[in-house]
Every structure is written in C-alpha cells, then in structure tokens.
Amino acid sequence: MQALEFAVDLGSSYITIYQKGVGLVLREPAVAVLSKVKDRYEIREAGYRARTMMTQSLGTARPVCPVKEGAVADPDICALLMEGFFSKILPKSFLRPKFNVTVAISSALTCSERKAIEKVFLKIGASGVTLVESPLALFAFSGSKGGLFVDIGGGKTEVASVSTVGITSGCTVNIAGDAFENAIIDYIADKYHIKIGELTANKLKMESLSFYRNDGGTDFVSGRALLDGSPRNIKINAGDLFCAVAPLVDNLCDVIRSVIASTPPELASTILENGLSISGGSSQIAGLKQYMANQLSLAVTALDDVENAVAIGTDMLSSDKQLLSDLIGVKVD
C-alpha cells in the first residue's frame with residue numbers, strides 16, 4: 001500500500017495539515033491541556049477544545065504550548081499533541097497506514113532544533129520526515145520566479161528573499177502575533193492600570209486594532225485592576241491599540257529593509273518593482289498592509305489564503321521533488 005503524504009505547518013499558534021490528493025484535513029490551535037495522572041502528565045484536551053478550556057478553572061491541569069517561536073519547546077508534549085491530531089486524520093484500520101510528512105519550519109532553526117522536530121514525527125510513526133523552510137513553501141505557493149516574502153506568524157516573522165535557487169537573504173525575528181498581543185497587554189496595564197488576559201488581547205488584535213489612522217472604533221474589555229484586583233470594564237479605542245503595536249511594526253520594517261539591502265542586485269530590483277508578498281494570520285490586521293507599504297515605499301500584497309499559504313506551499317513542494325531539490329540544494333527522492 002502506498003504511503004500517505006502529509007504537509008505540516010508547525011506553527012506556534014496553529015498546526016495546519018494538508019494531505020496529498022485530499023487538501024486541508026486539520027487546522028487547530030497548537031495548545032494542549034495536561035492532567036496529572038500518578039507521576040506523569042497526559043493530554044486532557046488539545047486544539048480548539050484546549051483553547052476553550054483556558055478560560056475556565058483547570059484545577060490541577062495546566063495548558064501547554066509545545067511550539068515556541070517556531071521551535072519545539074517540549075518534544076514529549078509536542079509528540080503527544082501531534083499523535084492526537086494524526087489520530088483524527090489517519091484512516092481507522094487494524095494496521096496503522098504508512099505515512100510520510102513534509103514539515104514547514106523556521107529558517108532560523110539550529111541543527112539540534114531541526115533534529116528535535118524530526119524526532120517528534122518519527123516518534124508518532126512517520127516513515128519519512130522532510131523539513132522545508134517556510135519561505136520556500138511561500139515561494140512555491142506564489143508560483144513566482146522570485147521575490148520577497150514576509151510571513152507574520154504567532155511566535156515569529158520570517159522575512160526572506162527567494163529565487164529559483166533558494167533563499168538568497170533572510171531573517172527571522174520574534175516580532176509577530178504574540179509580541180503584538182503582549183504589547184497590547186502592557187500598554188493597557190501602563191495606561192489604564194488594568195490587567196487583561198491573552199485571549200482578550202488576541203481578540204483586540206484581530207478585531208479592533210487598526211493601522212488606519214482615522215479609525216475611530218472602540219471596544220469594551222474586561223480586566224482586573226492592578227491596584228486592588230477588582231474586576232473592571234474599560235473602553236479601548238483603535239488609537240490605543242495602534243500606539244501599542246506600531247513601534248513593533250516599525251522595527252519589522254527595518255528588518256525588511258536590511259534583508260532587501262543584502263539581497264543580490266537582480267532580485268532586489270525585482271522586489272523594488274513588484275513589492276513584497278505577505279502572509280500569516282496577523283497580516284490580516286486592518287490597514288497593516290497599507291501602513292507597511294507607506295513605511296517601505298513598496299507595494300505590499302497579501303498572498304491568497306494567508307493563513308494556509310505555508311501549508312499549501314509545503315504540500316506543493318512535497319509533490320514536486322525536482323523543485324524541492326533545486327530550492328534546498330539536495331536531491332530529494
């Protein structure tokens with residue numbers, strides 16, 4: 001029986017899995033809730049169900065995010081999480097089907113961090129594991145001959161200029177969705193002396209944050225007063241959220257400029273002419289593309305399906321061994 005082929009975007013916020021010939025089979029938050037059983041922890045819930053539980057009293061259970069800034073922070077828990085996810089998508093049979101995985105990873109990972117990811121998938125039964133840097137997946141997804149790709153994930157942002165021979169210049173920074181949320185939490189604490197939670201900050205980031213300077217939107221949020229711990233409701237406006245996050249985006253634009261400056265002249269001229277392609281969940285923040293375009297004096301275009309572009313591109317590379325071999329400089333069978 002021929003092995004099943006899966007493409008995995010191992011993100012800090014979401015795990016996305018595509019199956020060759022089928023399409024998207026799973027996209028769930030990269031979080032698990034652990035319960036202690038005797039002297040060890042077991043996964044109580046994972047994915048969306050685990051994230052929902054994070055707003056409840058968990059008792060002795062605890063939430064864990066095993067992927068941090070693109071790297072596996074807890075290999076054992078990550079393996080349990082992936083085992084649970086693959087049990088949902090693999091055909092139910094007496095003998096577990098053979099399967100291979102192609103995993104999109106951060107281009108900044110060390111050799112030991114790459115080996116940790118390989119071990120996670122081998123541990124859950126994968127027959128073969130191929131690692132692909134996420135900017136290469138975006139290059140394949142875009143169908144272009146070369147360009148600049150900016151993927152704003154949860155824990156990190158990948159910035160890379162890519163041509164038909166691979167990544168020519170790149171940088172990975174932790175200026176991403178999680179950093180935006182932390183900036184919102186800190187800003188509200190400093191200005192209003194209210195502590196809000198991560199889920200509230202995420203909701204504000206995706207629904208209320210705006211880079212349109214004339215946005216007069218407001219939102220009411222609940223938090224805990226820092227002075228006495230009492231519950232409080234406050235009104236937050238879009239300007240507050242912009243002030244919290246804009247300095248981080250300005251820093252990200254500096255990173256993009258440095259990557260362009262170290263890109264070979266021919267590709268750099270193409271980038272200056274065509275602009276850059278952006279993806280990732282946080283790329284959907286209102287007005288962000290226009291703000292970055294103004295800061296960089298470049299066109300900023302969102303790739304189709306920004307949340308799944310990396311996983312789809314990884315799936316495309318797993319099906320095109322020649323292109324994959326050309327991009328990574330190693331023959332792939």
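Colleague: What makes the contact between the side chains of E28 and K88 a salt bridge?

Modeller: In this predicted model, the N to O distance between the side chains of E28 and K88 is 2.9 Å. The rule asks for a Lys or Arg side-chain nitrogen within 4 Å of a carboxyl oxygen of Asp or Glu, so the pair qualifies. The count by this rule comes to 12 salt bridges.

Colleague: Why are β3 and β10 said to stand at the edges?

Modeller: Their sheet is open and has five strands, in the order β3-β2-β1-β9-β10, with mixed pairing. β3 and β10 (128–133) each have a single partner strand, so one side of each lacks a neighbour in the sheet. On average, neighbouring strands here are turned by 20° against each other, direction ignored.

Colleague: How do you know that β9 and β10 pair?

Modeller: Strand β9 (residues 99–105) and β10 share six bridges in the parallel sense. One of the bridge partners is E133 in β10, which belongs with I105.

Colleague: What does α2 touch in this sheet?

Modeller: Helix α2 packs on the sheet and touches β1 (4–10), β2 (14–19), β3 and β9. The direction of α2 makes about 145° with that of β3.

Colleague: Which strands form the open sheet of three?

Modeller: The order is β5-β4-β6, with antiparallel pairing. The edge strands, β5 (40–46) and β6 (62–64), each pair on one side only. Neighbouring strands of this sheet are turned by 40° against each other on average, direction ignored.

Colleague: How do you know that β4 and β5 pair?

Modeller: Six bridges join strand β4 (residues 32–37) to β5 in the antiparallel sense; at least two are needed, so the two strands count as paired. L34 stands opposite I43 in β5. Helix α2 (residues 75–89) packs on this sheet, touching β4, β5 and β6, and its direction makes about 40° with that of β5.

Colleague: What lies in the largest pocket, and which residues line it?

Modeller: The largest pocket holds about 1,100 Å³ of space. It is lined by 48 residues, and those closest to its centre are S12, S13, Y14, G154 and D178. The lining divides into 19 nonpolar, 17 polar and 12 charged residues.

How values were computed:
Residues numbered from 1 in each chain as written. Predicted model: local features only at pLDDT ≥ 70, side-chain atom pairs only at ≥ 80, totals over all residues. Heavy atoms only, no water. Helix = DSSP H or I, 4+ residues; strand = E, 2+ residues; numbered from the N terminus. Axes fitted to C-alpha atoms, helices over the stretch in contact; angles between N-to-C directions. Contact = heavy atoms within 4.5 Å. 1 Å grid on protein atoms, 1.4 Å probe; cavity = no way out; pocket = protein on both sides within 12 Å on 5 of 7 lines; lining within 4 Å. Points joined across faces, edges and corners; volume = space filled by probe spheres on them. Nonpolar A, V, L, I, M, F, W, Y, C, P; charged D, E, K, R; others polar.
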